[in-house]
Amino acid sequence: MTMTFIIDALVTIIGITTPILLAASGELVVEKSGVINLGVEGMMLVGAIAGFAVTFETGNPWLGIAVAMLAGSLASLIFGVLVLSFGANQVATGLALTIFGIGLSSLIGSNYVGIALEGVESPFPSVLSADPFWRLIFGHSPFVYFAIFLILAIGYFLNKTRAGLVLRAVGENDHSAHSIGYSVLGIRYAAIAFGGAIAGLAGADFSMVISPLWAEQMTAGRGWIALALVVFAGWRAGPLLAGAYFFGVLMALELYAKASGYAIMPSQFWAAMPYLIAVIVLAIISSRDGRGGKAPACLGKPFIPNG
Amino acid sequence: MRLRLEKRLEPSRSMLIVTPILSVVAIMLLGIIIFDGLGFDGKQAVWELFFTPVLDVYKWRDVATKAAPLIIIALGLSLGNQAKIWNIGAEGQYIVGALAAAGIAYATQDFTGFWIVPLMVLAGMAGGATYAAVPAVLRTRYGVSEVLSSLMLVYVSLQLLSYLITGPWKDPNGHNFPQTAQLTPSQEVPNELFDSGIPPGLLVALIAAFIFYVIASRTVFGFSIRAIGEAPRAARYGGFSSERIVWATLMISGAMAGLAGVFELMQLSRLNLGYPSGYGFTAIIVSLLGRSNPIGVFIAGIVLAITYVGGQVAQTVVHVPNATAGLFQALLLFAVLASDLLVTYRIRVTSNIASSNERDRG
């Protein structure tokens with residue numbers, strides 16, 4: 001009984017951690033290039049509705065996932081054009097992208113309210129994925145495995161490859177990178193589009209796996225948690241992976257508090273917990289690392305090549 | 001032929017005024033294309049969205065009712081925006097302000113007297129300011145970005161609201177609906193001033209706009225905010241404390257959001273789960289569209305209120321989904337942000353030879 005309960009809990013935690021892990025991984029690459037995109041929540045919603053609608057219309061979840069990533073990427077490029085080519089303020093533009101994503105996804109989603117999808121299942125044979133014990137490892141959706149692979153790959157890319165070094169150089173000192181011949185704006189465009197695609201994928205995880213249906217603003221602020229996660233992790237891949245699971249545990253507490261009904265605190269307390277803890281951890285991390293912390297030096301600053 | 005950006009020595013004053021107007025026009029044209037693309041009658045939808053609320057006298061009161069909280073919150077935010085301090089959690093401060101006033105209402109159910117309304121207003125402003133003090137402490141003491149902390153607190157305030165109206169403050173006569181008890185007559189202000197159809201919130205917004213205009217243009221405080229935003233280092237040498245500006249702008253914007261929350265509570269007579277309406281987020285658009293100038297913010301608040309009311313009209317007449325207003329508000333913000341380029345830069349057309357020569361000279 002206890003064993004089943006523990007495995008159940010772990011499977012739940014791994015599942016609900018995945019979208020914030022994905023979204024934060026994408027944002028990590030964007031911020032490493034010196035751009036802060038606060039539109040994560042909006043891009044996730046655009047991805048969520050795109051993935052849901054395409055899967056429902058075509059019956060092909062893989063196509064749904066691909067379109068979700070494309071949609072997230074296109075949404076992020078609106079942000080990209082404004083902040084890179086027009087030099088617009090990144091905080092305001094990112095916020096605009098979130099408001100845009102909420103509006104656009106609600107507009108498209110109004111045709112899909114109240115419909116359920118089958119939900120994407122584990123890619124492994126049911127001997128493993130339905131086994132009471134082995135489902136802990138094999139019983140997850142493909143999103144889970146991809147998210148873990150992705151953050152490890154990003155860590156490798158940033159620290160061990162030449163291209164990763166160039167990306168970091170653009171984020172740490174844009175004018176130097178420009179003067180030795182790298183295209184600062186080109187690299188930032190690529191990073192933003194990548195971040196958008198991954199945020200779109202994170203959104204699709206919500207609407208295709210976690211609760212396979214469409215509801216307005218179904219990502220419920222998880223995009224903001226992903227943004228905070230990048231800060232706690234000190235812009236490093238390893239701590240980001242660990243931090244994501246830490247938040248997964250906090251979010252699972254809410255689910256269990258609601259389900260059990262005899263929680264010590266009202267369920268709203270548990271629902272507010274991830275956000276409260278996020279604020280507290282931000283304070284601890286920031287006071288340890290000092291103002292600005294380990295943030296890329298050019299984070300949030302516009303770059304105008306001929307200016 | 002090549003287009004080149006040339007930084008202006010000073011932001012263009014005429015562009016500051018022209019670009020928001022151009023943005024609104026551009027979004028109307030874009031709207032026609034989008035609605036046609038979605039299979040609605042584009043021209044009619046845009047007409048209902050932007051013009052019906054202006055031309056139909058019966059809609060004016062709705063517009064004024066929605067404009068009031070937007071203007072009040074946006075005025076507060078505009079100070080911080082000028083100093084590049086981003087309070088994006090005004091929605092949370094608006095909710096906590098309303099909760100503080102509702103707390104006073106809960107405690108004064110059995111009392112009557114003229115003192116109750118002012119007490120609720122003060123409590124609401126204090127509640128909003130206290131909630132905004134959290135990101136202020138975190139930023140000045142620990143260096144936490146106010147962008148993330150203020151936003152996180154919105155989600156906390158939503159849960160606090162849900163807890164209070166489903167638990168301790170639930171209306172005992174409310175048929176088990178999650179809502180607070182209706183305000184008593186001594187806890188409310190009239191819904192219109194002297195039968196004029198003008199909601200009291202709009203008068204408050206008008207007075208506040210005047211006060212903010214004086215602060216911005218006639219006081220050292222207003223000057224120091226702009227100085228911190230435009231040249232932080234120079235401002236520090238000039239003896240302005242950036243910490244004090246962080247505190248002042250966050251507390252003022254929190255208090256204004258709380259004030260808007262109180263008037264909205266008095267307008268609706270009670271709190272329920274539908275109370276958080278996103279005014280705190282839309283107000284950010286209002287303050288940017290209004291160029292953080294009190295007069296501009298007042299006009300922008302009315303424009304955004306028109307899209308809310310027009311969105312409802314378009315929903316009933318052209319059957320567009322109710323998310324339309326939000327989408328248009330976001331597009332409007334995109335357009336304003338893009339047009340900022342014209343404010344700070346001049347676009348020069350140069351010949352290829354000239355520009356390559358310049359590049360050679362470095």
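What follows is a selection-by-selection walk through a two-chain model, starting with whole chains and ending at single residues.

**Before you click**

This is a predicted model: local features need pLDDT of at least 70, side-chain atom pairs count only at pLDDT 80 or more, and totals for chains, interfaces and linings use all residues. Residues are numbered from 1 along each chain as its sequence is written, while chains are lettered from A and ligands numbered from 1 in the order in which they are written.

**Stop 1: chain A**

Select chain A and switch to cartoon.

Colour by burial next. Buried residues make up 52% of the 307 in chain A. Here, buried means 20 or more other C-beta atoms within 10 Å of the residue's own, exposed means 12 or fewer, and partly exposed lies in between, with C-beta atoms placed from the backbone. Among contacts in chain A with a separation of 6 or more, 78% are between residues 24 or more positions apart; a contact means that two C-beta atoms, placed from the backbone, lie within 7 Å.

**Stop 2: chain B**

Now select chain B, which has 15 helices and two strands. The box around its C-alpha atoms is roughly 80 × 55 × 35 Å, again along the principal axes. With 362 residues, a compact globule would come out near 21 Å in radius of gyration, and chain B, at 22 Å, agrees. Buried residues account for 51% of the chain.

While you're here, pick helix 5 (residues 90–107). Its end C-alpha atoms are 26 Å apart, in agreement with the 26 Å that its 18 residues should span at 1.5 Å a residue; the expected span is 1.5 Å times one less than the number of residues. Helix 5 of chain B is largely enclosed by the rest of the structure, because 14 of its 18 residues are buried.

**Stop 3: where the chains meet**

Show both chains and select the contacts between them: 43 residues of chain A touch 38 residues of chain B. On the chain A side, the elements giving two or more residues are helix 3 (61–85), helix 4 (90–109), helix 11 (222–232) and helix 13 (267–289). Helix 4 of chain A gives the largest share, 12 residues. By type, the chain A side divides into 28 nonpolar, 14 polar and one charged; Ala, Val, Leu, Ile, Met, Phe, Trp, Tyr, Cys and Pro count as nonpolar, Asp, Glu, Lys and Arg as charged, and the others, Gly among them, as polar.

**Stop 4: helix 13 of chain A**

From first C-alpha to last, the 23 residues reach 34 Å, close to the expected 33 Å. Its buried residues include A:Trp270, A:Pro274, A:Tyr275 and A:Leu282. What covers them includes helix 11 and helix 12 (237–260) of chain A, together with helix 6 (116–142) and helix 7 (146–166) of chain B.

**Stop 5: the core**

A nonpolar core is a set of buried Ala, Val, Leu, Ile, Met, Phe, Trp, Tyr and Cys residues joined through C-beta atoms within 7 Å. The largest one has 225 residues, and those touching the most other members include A:Ala228, A:Leu229, B:Ile72 and B:Phe334. Centre on A:Leu229: its contacts, not counting residues up to four places away in sequence, include A:Ile20, A:Leu240 and A:Phe247.

**Stop 6**

Most residues other than glycine have a negative phi. Which way does A:Trp235 go, positive or negative? Its phi is positive, about 60°. A:Trp235 lies in the loop between helix 11 and helix 12 of chain A, and is buried, with 21 other C-beta atoms within 10 Å.

Finish on B:Arg291, whose phi is also positive, about 55°. Find it in the loop between helix 12 (279–289) and helix 13 (294–317) of chain B. B:Arg291 is buried, with 21 other C-beta atoms within 10 Å.

How values were computed. Helices (H or I, at least four residues) and strands (E, at least two) are DSSP runs, numbered from the N terminus. The radius of gyration is taken over C-alpha atoms; the globule rule is 2.2 Å times the number of residues to the power 0.38.
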